[in-house]
Amino acid sequence: MTGVRMAAVAEPVGDVTALLGEGPYWVPEASFLIWADIGRGLLHRTYIPSGDTVTHDLGEVSAAFPALDGGILTAGGSRLTLRALA
């Protein structure tokens, strides 16, 4: 069976760059993407389509996921932490 190939175009969603950007997670109900800069220990929330980014310095972070209560669960080092971010 032959597959169909389609060209994809990658576009930046904001102006923030990372040393090691990982763990993107799309939150459709709030129209933002959360992602971690592991190299700098930062958590970013980039709002689409404005491209505005809110950054939180967490010290250690490698992944982040929205929690059911509205907070954000982060993994970093040897910990899981539930955070309420403004």
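Reader: Is Asp-37 buried or exposed?

Author: Asp-37 has 0% relative accessibility. The model is predicted: local features need pLDDT of at least 70, side-chain atom pairs count only at pLDDT 80 or more, and totals for chains, interfaces and linings use all residues. Residues are numbered from 1 along each chain as its sequence is written, and side-chain values use heavy atoms, without hydrogens and water. Under 20% relative accessible area is buried, over 50% exposed, in between partly exposed (1.4 Å probe, protein chains only), so Asp-37 counts as buried.

Reader: Which residue meets Asp-37 in a salt bridge?

Author: A salt bridge needs a side-chain nitrogen of Lys or Arg within 4 Å of a carboxyl oxygen of Asp or Glu. Here the N to O distance is 3.2 Å.

Reader: In the open sheet of 3 strands, what is the strand order?

Author: Strands are DSSP runs of E, at least two residues, numbered from the N terminus. They pair if DSSP finds at least two bridges between them. Strand 5 (63–66) and strand 7 (79–83) are the edges, each pairing on one side only. Pairing is antiparallel, and the order is 5-6-7.

Reader: Which residue in strand 6 stands opposite Ala-64?

Author: Strand 6 covers residues 72–76. Strand 5 runs antiparallel to strand 6, joined by 4 bridges. Opposite Ala-64 stands Thr-74.
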